[in-house]
Amino acid sequence: MITIPRGLIVGLAAVFSAYHVVLAITSLGVPDSPVAPIIAICLYVLATVFSLWPSRPGRMPLWVAAFDLAASIAMPLLVCSTLDATADNGYATWYVAAIGTLMTITAVRGRLVVAWAGVGFLVLQTLAWAGPAALGFIGVIGSVVWVGVAHFGARALSRASREARSYSLAEREAADWQAAQDAHLHERQVRLATTDRMAAPMLRRIVETDGDLSDAERLECRQLEAAIRDEIRGRMLLDDGVRAAVRDARQRGASVTLLDEGGIDDLDDDDRRRTLSTLRDAIVGTDADRIIVRTVSDDEVAVTVVGLRGGDQRTAALGDGGSGVAVDDDDDGEEVDLWLEIPR
């Protein structure tokens, strides 16, 4: 993106404004009295300084725009009160170009209504003071054209800025979408690689025996299926210690369900290790028939662990059908053997 330094633009505007001041000072001998033109010069200088002040970038403050409008109204009244409308005043009509410059700055800085009001008053004052012919002779039409160019230029720049922001937002959204797709692809590849590493030996065994597995091998298949399901649903709840504790619990006949719903994604490594160490100890220390572990999106609790004893053991053996939803205690007679909330 090509940018123009703001200091360069302000400097050029200051040079043009200073040129008008020089013309005004050199023509002080034309008016009947220099007092009113000097007051007009002071107003113009103040308005220009306020409009170009470096600490005020962006849209012009309303009070500065109001001061510029007041100056553009007062300047022609002050200067013309000392001039002969029928004579050739030369550079004594410097206020026309000065108002055009000041209102152009006002338009560029986003106060279009004020800019048009300023040159509009200049047109009306010139018509009343010297007639229609003076509009072109003393340069009023040129001042109006400057403001018009500034108006359309400011509108074009504003539209270009909006489009640039829109394109930038679209680019960020596209980048986010691509990152999400890459993350999904990476996660899919990791899951496939993990599943292949865990299941490939047993699958080859099934092929070799044409599905004729021993009871021990069938039990191993069920344990393997549960372990693969843990890798998918357990996510951040798993480390080597938790995997070993869950495997031992299943080998003694317990049903273990791990559900990571994103509640501990924001934990740092130390807190996560502490949380998983507590979870491992809880699984090892209970002989419940069903163990349900779930992450919690809570400000104080990270993980809840529920151990149930008794009830329909056939339901426990199925591991809740893979749904991870605990059966109500009143329906199957289960009793709570373990209730643990691991804090953050």
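## The second largest pocket

By class, 7 nonpolar, 3 polar and 7 charged residues make up the lining of the second largest pocket. Here Ala, Val, Leu, Ile, Met, Phe, Trp, Tyr, Cys and Pro count as nonpolar, Asp, Glu, Lys and Arg as charged, and the others, Gly among them, as polar. The volume of this pocket is about 430 Å³. There are 17 lining residues, and M198, Q223, L224, A227 and R247 are the closest to the pocket's centre.

Three helices, α7 (140-208), α8 (215-233) and α9 (240-251), each bring at least two residues to the lining of this pocket, and α8 gives the most, with 6 residues. Helices (H or I, at least four residues) are DSSP runs, numbered from the N terminus, as are strands (E, at least two).

## How to read the model

This is a predicted model, in which local features need pLDDT of at least 70 and side-chain atom pairs count only at pLDDT 80 or more, while totals for chains, interfaces and linings use all residues. Residues are numbered from 1 along each chain as its sequence is written, and side-chain values use heavy atoms, with hydrogens and water left out.

Pockets and cavities are found on a 1 Å grid over the protein atoms alone: a cavity is a set of points where a 1.4 Å probe fits but cannot get out, a pocket is an open set with protein on both sides within 12 Å along at least five of seven lines, and lining residues have an atom within 4 Å of a point. Grid points are joined across faces, edges and corners, and a volume is the space filled by probe spheres set on the points.

How many cavities of 30 Å³ or more does a search of the whole structure find? The search finds 1, and the largest cavity has a volume of about 40 Å³. Its lining is formed by R191, T194, T195, M198, I228, E231 and I232. Both α7 and α8 give two or more residues to this lining, with the largest share, 4 residues, coming from α7. By class, the cavity lining has 3 nonpolar, 2 polar and 2 charged residues.

## Helix α2 and its partners

Helix α2 (residues 35-52) packs against helix α4 (residues 94-108) at an angle of about 20°, with their axes 10 Å apart. Axes are lines fitted to C-alpha atoms, for helices over the stretch in contact, and angles run from 0 to 180 degrees between N-to-C directions. The angle makes α2 roughly parallel to α4; angles under 35 degrees count as roughly parallel, over 145 as roughly antiparallel, 65 to 115 as roughly perpendicular and the rest as oblique. The contact (heavy atoms within 4.5 Å) joins P37, A40, I41, Y44, A47, T48, S51 and L52 of α2 to W94, A98, T101, L102 and I105 of α4. These residues divide into 10 nonpolar, 3 polar and no charged.

Helix α2 also packs with helix α3 (residues 62-80), at an angle of about 160° and with axes 9 Å apart. That makes α2 roughly antiparallel to α3. On the α2 side, the contact includes A36, L43 and F50, and on the α3 side W63, F67 and M75 are among the residues involved. By class, the contact has 17 nonpolar, 1 polar and 1 charged.

## Helices α5 and α7

Which way do helix α5 (residues 112-130) and α7 cross? Their axes come within 10 Å and cross at roughly 165°, making α5 roughly antiparallel to α7. Here L112, A115, W116, V119, L122, V123 and T126 in α5 meet V140, S143, V144, V147, G148, H151 and R155 in α7. This contact divides into 9 nonpolar, 4 polar and 1 charged.
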